[in-house]
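Student: I would like to go through this model and ask what each label rests on.
Tutor: Go ahead.

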Amino acid sequence: MTVTGIITALIVGLIIGALGRLVVPGRQNMPMWLHMLIGVGAALLGTVIARASGFADTAGVDWRELLLQVVLAAIAVAIVAGVGGRRSVSRY
């Protein structure tokens, strides 16, 4: 990967993280930087899965790869928000 490719992947990952936050219903008690970090991871994992599946090399914008990345980010945000939500202490 070139420097431009890495910067592009980071920017797309940040956008994917924000979209993943919007897709998951309800309130997530997570800082925004964690959503962005999840987005970068989901973008990289989505690209790996798309290339392994053979649909990453298309002309123009690859909507299937982008959709896969957003779905992965939404799943990861839901999992992390669910785990973080269970850590709260309830007092009776």
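Student: What makes up residues 6-24, helix or strand, and how far apart are the end C-alpha atoms?
Tutor: The span is 95% helix and 0% strand, with its end C-alpha atoms 27 Å apart. Helices (H or I, at least four residues) and strands (E, at least two) are DSSP runs, numbered from the N terminus. The model is predicted: local features need pLDDT of at least 70, side-chain atom pairs count only at pLDDT 80 or more, and totals for chains, interfaces and linings use all residues. Residues are numbered from 1 along each chain as its sequence is written, and side-chain values use heavy atoms, leaving out hydrogens and water.

Student: Where does UniProt place the feature "transmembrane region"?
Tutor: The unreviewed UniProt entry puts it at residues 6-24, 36-54 and 66-85. Such annotations may be inferred rather than shown by experiment.

Student: Why is Val3 called exposed?
Tutor: Exposed means over 50% relative accessible area, buried under 20%, and partly exposed in between (1.4 Å probe, protein chains only). Val3 has 60%, so Val3 is exposed. Val3 belongs to helix 1 (residues 3-23).

Student: Which residues make up the largest nonpolar core?
Tutor: Val24, Met30, Leu34, Ile38, Ala74 and Val77, 6 residues in all. Helix 2 (32-53) and helix 3 (63-85) each supply at least two residues of this core. A nonpolar core is a set of buried Ala, Val, Leu, Ile, Met, Phe, Trp, Tyr and Cys residues joined through side-chain atoms within 4.5 Å.

Student: What is Ile38 in contact with, leaving aside neighbours within four places in sequence?
Tutor: Met30, Ala73, Ala76, Val77 and Val80; contact means heavy atoms within 4.5 Å.
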